[in-house]
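Here is my note on the model you asked me to look over. Keep the viewer open and follow the points in order.

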Amino acid sequence: MTEKKDDKMEKIVSLCKRRGFVFQGSDIYGGLRGTWDYGPLGVALNKNIKREWWKMFVDDREDMYGLDAAIIMNSKVWEASGHTGAGFADPMVEDLETKERFRADHLLKDNDIDAEGMSLEEIDALIAEKGIKSPKGNDLSQARQFNLMFESRIGATAGDEGKVYLRPETAQGIFVNFKNVLDSMSPKMPFGIAQVGKAFRNEIAPREFLFRVREFEQMEIEYFVKESEWEVEFEKLRLDIVAWNKHLGLSDENVREFEVPENDLAHYSKRTIDFEYNYPGKGFDELAGFAYRTDHDLKNHMEASGTTMEYIEPDGSRFIPHVLEPSFGLGRALTAVLCEAYTEDEMNGEVRTYLKLPVHLAPYRVAVSPLLKNKPQLVEKAREVFSVLKKEYGNVAWDDNGNVGKRYRRQDEIGTPYCVVIDFDTLGEENPDTKDTVTIRHRDTGEQERVSISDLIEKLK
Ligand code: ATP
């Protein structure tokens, strides 16, 4: 596809690099496609998103258990789950001139054709019929399936024996530990197992910043229910996902639920909703997925491993639980958060850019500055205030570069909700009434208020 350019998205990508959120992976060596490195502020934002997610979906609930499985798993896991087969491959075509490779379904989508579920022959026929060319205008090869699993080798074994894969999703780590969690925690039905971690997919055409990358983080839950209760539990979890999207600060008009039509569902799924975000320049596309996967996964692992995946009720009845799977990509969430927060307005007659991040997500909650950095009394007092706030909140910035106006701009651009400035009034030399008071400046409005240092922690909560 000809990648759609959007001013806003370009500005966000540029801000991300300039201000230390996200850098191109292996930057000094010309980059490595489909990889991105998170800088100091990106790490902070990601950490906040993951912390809030874990709090909402695990710590604040009684029915969720955490897990952190190994990235490299026994290859039999991926054979049983179907990932080594055609089920986890994308149709690929090659530009016959440049040898560049593209997702055939994406090229068709750019021509308003939905290729979901089509055979390679059907894809080839459509490409020929519609005269579809590569984005460079050249002829395309026939389509073939390209498996997305990253292969590696374990230990010193040669040949296929030592072949392993980097996990393409965190979900299978949960299924293969289902029995371990049952045996160690004796959970009551319904319950979920949650995991946050890296996943790897050898995407044919990584693109659109963090949207389609080869190494990314997922936040996933497998929620185990009785078959007869899946619809009730599906609706409850759906509402939890809606609440999560709101907690990320995403506005209603930029999030929508796409009910995957029955003929596009994976063969084992009875219902799937894609939660989509309206990415600037791209439009609505998947932010997170939510699928009812029946008992497909546990059954497959039971058959392939010979380990029972049955849940035993207190009355002795046994059954294989059915599964609801909310699956979130961290990079897509971070992008949505940044897109939603990115704002341009006019302040004091100048255009200003700021990130209207929710306080619980902002990399820094507050920045502390002495009005002038060459006045030792101001610096000393500001350091005192900084220490108190740092102890309370942790994510507090010290900023004494340039003049105060420049500091405000800089903090606005990285989404710091509050700036606290220590000035001569704080020292109270001219007017004892203002002693030990500071200015709090609010990011969104630019408003300033005078607050006593002793009230500061309460005020910034
Ligand atoms: P898509 O259709 O966009 O390729 P998918 O349906 O294959 O996505 P899932 O397998 O449902 O995605 O993965 C769950 C979540 O993981 C997605 O909703 C997305 O947030 C994230 N994700 C999947 N693949 C990628 C990728 N290549 N880069 C970034 N995030 C991804």
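This is a predicted model: local features need pLDDT of at least 70, side-chain atom pairs count only at pLDDT 80 or more; totals for chains, interfaces and linings use all residues.

1. **Cysteines.** A disulfide needs two cysteine sulfur atoms within 2.5 Å. What about C419? Its closest cysteine sulfur is that of C16, 20 Å away, again too far for a bond. By this rule the count of disulfides is zero. Both sites are covered: C16 is buried, with a relative accessible area of 0%. C419 also counts as buried, at 4% relative accessibility.

2. **The chain as a whole.** Step back for a moment. The chain holds 14 helices and 24 strands. Its C-alpha trace spans about 80 × 65 × 50 Å along the principal axes. Of the 461 residues, 52% are buried. Now take the contacts in the chain with a separation of 6 or more: 65% of them join residues 24 or more positions apart.

3. **Helix α10.** Find residues 330–341, the twelve residues of helix α10. From first C-alpha to last, α10 reaches 16 Å, close to the 16 Å expected at 1.5 Å a residue. How many of its twelve residues are buried? Eleven are, and α10 is mostly covered. The buried set includes L330, R332, T335 and C339.

4. **Strand β17.** Strand β17 covers residues 322–329. Eight of its eight residues are buried, so β17 is largely enclosed by the rest of the structure. Which residues point which way? H322, L324, P326 and F328 point one way, while V323, E325, S327 and G329 point the other way. Residues on both faces are buried.

5. **Partners of β17.** Two strands pair with β17. β11 runs antiparallel to β17, and six bridges join them. β14 (residues 283–292) also pairs with β17 in the antiparallel sense, over five bridges. Look at L324 in particular. L324 is the bridge partner of Y223, and Y292 stands opposite L324 as well.

6. A search of the whole structure finds 19 aromatic pairs. One of them is W36 with F209: the ring centres are 5.0 Å apart and the planes meet at 80 degrees, so the pair is edge-to-face. W36 lies in strand β2 (residues 36–38), and F209 lies in the loop between β10 (191–200) and β11 (215–225). The two parts are 173 residues apart in sequence, so the pair ties them together across that separation. Is W36 buried or partly exposed? W36 is partly exposed, with a relative accessible area of 24%. F209 is buried, at 9%.

7. **A stacked ring pair.** Now compare F178 and F191. Their ring centres are 6.2 Å apart and their planes are at 10 degrees, so this pair is stacked. F178 lies in helix α7 (residues 178–185) and F191 in strand β10, so the pair ties together parts that are 13 residues apart in sequence. Both F178 and F191 are buried. They also belong to a cluster linked by ring pairs, together with Y65, F175, F224, Y311 and F319.

8. **The five-stranded sheet.** What is the order of the strands in the open sheet? The order is β21-β20-β22-β23-β24, and the pairing is mixed. The edge strands, β21 (396–398) and β24 (448–452), each pair on one side only. On average, neighbouring strands of this sheet are turned by 25 degrees against each other, direction ignored.

9. **Inside that sheet, and on it.** Strands β20 (residues 366–370) and β22 (residues 418–422) run parallel, joined by five bridges. There, P370 has I422 of β22 as its bridge partner. Helix α12 (residues 404–413) packs on the sheet. α12 touches β20, β21, β22, β23 (437–442) and β24. The direction of α12 makes about 160 degrees with that of β22.

Conventions:
Residues are numbered from 1 along each chain as its sequence is written. Side-chain values use heavy atoms; hydrogens and water are left out. Buried means under 20% relative accessible area, exposed over 50%, partly exposed in between (1.4 Å probe, protein chains only). Two strands pair if DSSP finds at least two bridges between them. Helices (H or I, at least four residues) and strands (E, at least two) are DSSP runs, numbered from the N terminus. Axes are lines fitted to C-alpha atoms, for helices over the stretch in contact, and angles run from 0 to 180 degrees between N-to-C directions. Contact means heavy atoms within 4.5 Å. The expected span of a helix is 1.5 Å times one less than its number of residues. Rings of Phe, Tyr and Trp (its six-membered ring) pair if their centres lie within 6.5 Å; planes under 30 degrees apart count as stacked, over 60 as edge-to-face and the rest as tilted.
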